[in-house]
Amino acid sequence: MHEISNATKQRRTKRSERRAALHRLIEDDLISRVSDDEYRRKVKRVYGGPKGAMLAACSMVSLHIPLGERLFRTRKFDLAGVRSALDIGSGAGQIARHLLKYSDEGTEITCIDLSHQMLRRAKNRLKSDELDYVAADLANLPFADESFDCITCGYVLEHLPDPEPGLAEMARVLTKGGRALLLSTEDSFSGAWTSRLWCCRTFNRQELMQLCENVGLRCKQELWFTRMHKTFRAGGICVEIQKV
Ligand SMILES: C[S@@+](CC[C@H](N)C(=O)[O-])C[C@H]1O[C@@H](n2cnc3c(N)ncnc32)[C@H](O)[C@@H]1O
């Protein structure tokens with residue numbers, strides 16, 4: 001078997017340490033300096049203002065809307081049979097629109113967001129009576145245990161100073177065997193810039209999966225938008241998790 005020499009190992013470790021140092025320089029560390037309440041106020045201010053108004057356009061330019069839709073259209077994340085779906089941190093309704101388009105007729109879809117303004121924007125954009133909109137915090141969901149058999153949570157966890165209570169809430173409201181699509185900003189070069197632009201943190205893939213495991217959510221599959229994203233391990237964290 002091919003053995004990696006100590007010199008190669010050391011070179012790799014040094015390279016990844018240099019990369020991590022660069023990411024730390026770029027990444028916004030606000031989240032580690034403020035209290036939970038301060039951070040929630042900040043989220044509401046950021047998304048309630050002009051940045052929130054540009055969110056849908058930004059998601060289109062960054063290709064997150066068409067790439068996200070691909071996950072549902074190709075059934076990489078399959079909505080067949082889903083009866084009740086919760087979209088957490090709906091923003092401008094980017095993922096909720098895919099839920100509307102690709103879920104079975106009769107699927108109940110609920111959108112939640114911390115920002116009332118973002119919920120209003122999602123409502124205006126989606127123009128559908130089939131969705132319920134609730135202003136709520138991921139870390140304190142106003143739903144009974146096991147209320148949903150499907151959850152989508154796109155780029156929200158990185159806004160929580162401590163993601164574990166949010167993940168625990170997701171596990172609580174999911175039915176046993178229920179599945180969730182989790183998208184999150186990764187600790188990569190582009191992730192560090194995203195963190196600066198949107199005042200959020202980034203996650204290390206393995207650490208995030210461990211946090212999911214801690215609350216009873218197991219990684220079912222890693223998803224990639226396209227083959228190119230898989231080859232270059234690009235596009236951020238995109239996983240299907242399941243309540244065990
Ligand atoms: C980057 S946007 C994501 C929009 C959409 N889900 C997507 O995939 O593009 C993040 C959204 O999460 C919301 N958010 C942030 N923290 C939240 C929390 N603790 N609970 C609920 N929503 C939250 C923000 O208000 C914002 O609308």
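**Pockets, ligand and buried residues**

User: How much space lies in the second largest pocket?

Analyst: In this predicted model, the second largest pocket holds about 300 Å³ of space.

User: Which residues lie nearest its centre?

Analyst: The second largest pocket has a lining of 13 residues, and those nearest its centre are Ala20, His23, Asp187, Ser188 and Asn204.

User: And which helix gives the most to that lining?

Analyst: That is helix 1, which covers residues 6-26 and gives five residues to the lining of the second largest pocket. If you sort the lining by class, you find six charged, five polar and two nonpolar residues.

User: Since we're on helix 1, is Leu25 buried or exposed?

Analyst: Leu25, which has its place in helix 1, counts as exposed because its relative accessibility is 68%, and the cut-off for that word is over 50%. Leu25 is also 167 residues from Ala192 in sequence, while the two C-alpha atoms are 8.6 Å apart in space.

User: OK, now the ligand. Which residues come nearest?

Analyst: There are 20 residues around the ligand, and Gly89, Asp113, Asp137, Leu138 and Gly154 come nearest.

User: What lies 2.9 Å from a nitrogen atom of the ligand?

Analyst: An N or O atom in the side chain of Asp137 is 2.9 Å from a nitrogen atom of the ligand, and for Leu138 it is a backbone N or O atom that lies 2.9 Å from a nitrogen atom of the ligand. The ligand has 600 Å² of accessible area on its own, and the protein covers 95% of that.

User: Which elements give two or more residues to the shell?

Analyst: Those are helix 2, residues 36-48, and helix 6, residues 94-102.

User: What about Gln94?

Analyst: Gln94 has a polar side-chain atom that lies 3.2 Å from an oxygen atom of the ligand.

User: How do the shell residues divide by class?

Analyst: The shell around the ligand has eleven nonpolar residues, seven polar ones and two charged ones.

User: Changing topic: why does Glu240 count as buried?

Analyst: Glu240, which lies in strand 7 (residues 237-243), counts as buried because its relative accessibility is 1%, and buried means under 20%. The side chain of Glu240 makes a polar contact of 3.0 Å with the side chain of Arg179, and another polar contact, at 2.8 Å, joins it to the side chain of Gln221.

User: And Cys153, buried or exposed?

Analyst: Cys153 sits in strand 4, residues 148-154, and with 1% relative accessibility it counts as buried.

User: Which residues have a positive phi without being glycine?

Analyst: Tyr155 is one of them, with a positive phi of about 60°, and its place is in the loop between strand 4 and helix 8 (163-173). Cys199 is another, with a phi near 55°, and it belongs to the loop between helix 9 (189-198) and helix 10 (205-214).

User: How do those two count for burial?

Analyst: Tyr155 is partly exposed, because its relative accessible area is 26%, whereas Cys199 is buried, because its relative accessible area is 10%.

User: Last one: which residues of helix 5 are buried?

Analyst: In helix 5, residues 64-73, the buried residues are Ile65, Leu67, Gly68, Glu69, Leu71 and Phe72, and just after this helix comes Arg75, which takes a positive phi of about 60°.

Notes
Residues numbered from 1 in each chain as written. Predicted model: local features only at pLDDT ≥ 70, side-chain atom pairs only at ≥ 80, totals over all residues. Heavy atoms only, no water. Near = heavy atom within 4 Å. Polar contact = N/O pair within 3.5 Å; in protein donor to acceptor, adjacent residues only side chain to side chain. Areas by Shrake-Rupley, 256 points an atom, 1.4 Å probe, with all protein chains shown as cover. Helix = DSSP H or I, 4+ residues; strand = E, 2+ residues; numbered from the N terminus. Nonpolar A, V, L, I, M, F, W, Y, C, P; charged D, E, K, R; others polar. 1 Å grid on protein atoms, 1.4 Å probe; cavity = no way out; pocket = protein on both sides within 12 Å on 5 of 7 lines; lining within 4 Å. Points joined across faces, edges and corners; volume = space filled by probe spheres on them. Buried < 20%, exposed > 50% of the residue type's maximum accessible area, 1.4 Å probe, protein only.
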